[in-house]
Number of protein chains: 2
Amino acid sequence: MPEIRKDPVFGRWVIIASERGRRPNEFRPGGGPQGHICPFCAGNEALTPPVIYSLPGAGGGWRLRVVGNKYPALVSEGSADKSREGLYDRMDALGFHEVVIETPEHGRPLEEMPVEAVSDVLKTFMLRVKEIKKDPRIKHVLIFKNHGRNAGASLLHPHSQIIAMPLAPLRVTQELDGAAGHHAERGTCVFCDITAEELSFKKRVVAENSSFLAFTPYASCFSFEIWILPKKHLSHFENIPEAEAGALAEVLKTALGKLSASLPDLSYNLIVHTMPVQEPEARHYHWHIEITPKLTRVAGFEWGTGFYINTVAPEEAAEILNSGGKYKV
Amino acid sequence: MPEIRKDPVFGRWVIIASERGRRPNEFRPGGGPQGHICPFCAGNEALTPPVIYSLPGAGGGWRLRVVGNKYPALVSEGSADKSREGLYDRMDALGFHEVVIETPEHGRPLEEMPVEAVSDVLKTFMLRVKEIKKDPRIKHVLIFKNHGRNAGASLLHPHSQIIAMPLAPLRVTQELDGAAGHHAERGTCVFCDITAEELSFKKRVVAENSSFLAFTPYASCFSFEIWILPKKHLSHFENIPEAEAGALAEVLKTALGKLSASLPDLSYNLIVHTMPVQEPEARHYHWHIEITPKLTRVAGFEWGTGFYINTVAPEEAAEILNSGGKYKV
């Protein structure tokens, strides 16, 4: 059974999941199921855990499926109570770990899918979060995507992951605290302020429509990092009006398309930043998506400081992405 | 000129260093100077910036050299003052970036060097920090080592890096805050408490002598992570009594030797955690070394939460390391 342990210095939680390490090739550098049949392709449905949700496709098939993760980091049995082990705190690794198989087609990344299909993926995320948060033990739901092996993906077939957990993780509470601090000081939402600043500065904008803005953030940790912000203040991702899913899909597809055109062999992580699910709508926090290409490896300096070295200024990154130029790596 | 920019949400600083990105092969995945002459080998001294410090070796040569980094992330000109750019804060990327070439021999990693040579490396770290901190503009000095390409190393020749910076980075202040919180609550140093707990529990101990303890921490973020703690409370690494450098070298060599024996093709980051250099000795904080092997890639879940998934329990890791068994990856 996986368990969650707390670092007594940092207050950081770690999932210790030994079983997850026993799956074949888990540790193989640059892993992936070579020589295996892809469990996410149409026709191989029997290789995944049972379906949780799906959307019908052509010819009686499916166009999107949500299944449980076969090697979950968190499991649905257990309690959300903490216990002690000597000096240390621990708890059961209670939660849900789902996989969203975005398309039956093995080789079609998100940016090459029709806007409607991207919109289906986003609507599925919202729907799953709304369903999962009915369980009061769940405090936070993380939606993310690892694309490409430098970003930690182990399967090539386009998919995202949803992890529901019994506490709000440190990274999330720190972001909320930062936003709350800005609000306390200036009376405004820091993300609304960033949106206004970027629309006025213009040189970091990568995609835009009436509802969403994609730009390369001023203090990007990673080269070619892109954030997507809704123009209208909203703290919870799952509460996006359904009518706006298409507009978000449009901006996301454009942003990923530009990254894919400029960066060869693109690897990226996409992370939805949102409020912990049991919290009410807040004036100081604004959901958003962060897309971080992984061109280089994170090394000792970054691990030791939380300080990043980025060798492409965000203004330069936006210029390259908008010109459609190839970036030489 | 590199600059430092502040993320307005997180308070996290980022170094934007475009020139650093212009060096050949900077972005090549799994990079390294293939086809190049190693600038760190004996005989190629003309390929590095001028020497800052060195120790004499056999036959009129050197056994250790400290040089400036040819592609520095921080530079010695500039001011430590902040300025504004619209909504955002920035400052000059003021600092020093040095490389410690640990040996003239290209293929001899730290764990295969004699204890005296490892001790020389550690004493050099202390000496450089004591020298660098005389500049009052410098607030923190990070000492780290990237070993192996999965850990972000770009050169194979054994070397470490010293980066001196004009502010204490977020990761460091968060660790200090965590330790201060523990001290306020219990009146003890959290690292002293951890040392006592690990010595009593025993199952996570990897190496030990009268002055130092190496163990796999309870809430290890990475599989086979090892921390080295001095048994006697001391907040600043550079203030280790010179007579104890040998004992530290001994424990470090044993810990790295065990990692290298159990993990094939070992990649790791080694980071010295210590107080910001201008701060006085503190009762709540205790310098230490963290060694984090990089067996898998960090992915979206970790980036999104600051929460890690570790698939080898620390007790299991210590058992494998102490038995000398090979870990199948």
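How many bridges join β2(A) to strand β15 of chain B, and do these strands run parallel or antiparallel? In this predicted model, 3 bridges join β2(A) to β15 (residues 308-310) of chain B, and the two strands run parallel. Strands (E, at least two residues) and helices (H or I, at least four) are DSSP runs, numbered from the N terminus. Local features were taken at pLDDT of at least 70 and side-chain atom pairs at pLDDT 80 or more, while totals for chains, interfaces and linings use all residues of the predicted model. Residues are numbered from 1 along each chain as its sequence is written, and chains are lettered from A and ligands numbered from 1 in the order in which they are written.

Within β15(B), B:Asn310 is the bridge partner of A:Ile16. The strands belong to an open sheet of 5 strands with mixed pairing, in the order β5(A)-β6(A)-β1(A)-β2(A)-β15(B); two strands pair if DSSP finds at least two bridges between them. At the edges, β5 (82-85) of chain A and β15 of chain B each pair on one side only.

Across the interface, 74 residues of chain A are in contact with 74 residues of chain B, contact being C-beta atoms, placed from the backbone, within 7 Å. On the side of chain A that touches chain B, the largest share, 8 residues, comes from α2(A). Elements supplying at least two residues each to this side include β1 (3-6), β2 (13-16), α2 (170-186) and α3 (190-201) of chain A.

In chain B, helix α4 (residues 190-201) has 12 residues and reaches 16 Å from its first C-alpha to its last, close to the 16 Å expected at 1.5 Å a residue (1.5 Å times one less than the number of residues). Its buried residues are B:Val190, B:Phe191, B:Ile194, B:Thr195 and B:Glu198. They cover an arc of only 140° around the axis, which puts them on the same side of α4(B); the arc is that of the directions from the helix axis to the C-beta atoms. A residue is buried if 20 or more other C-beta atoms, placed from the backbone, lie within 10 Å of its own. The buried residues of α4(B) pack against α3 (170-186), β10 (205-208), β11, β12 and β14 (288-293) of chain B. Just after the helix, B:Lys202 takes a positive phi of about 70°.

B:Phe224 lies in the loop between β11 (212-215) and β12 (226-230) of chain B. B:Phe224 counts as buried because it has 27 C-beta neighbours inside 10 Å. Not counting residues up to four places away in sequence, B:Phe224 touches B:Leu259, B:Leu263, B:Pro293, B:Val312, B:Ala317 and B:Leu321.

Terms used:
Buried ≥ 20, exposed ≤ 12 C-beta atoms within 10 Å, placed from the backbone. Contact = placed C-beta atoms within 7 Å.
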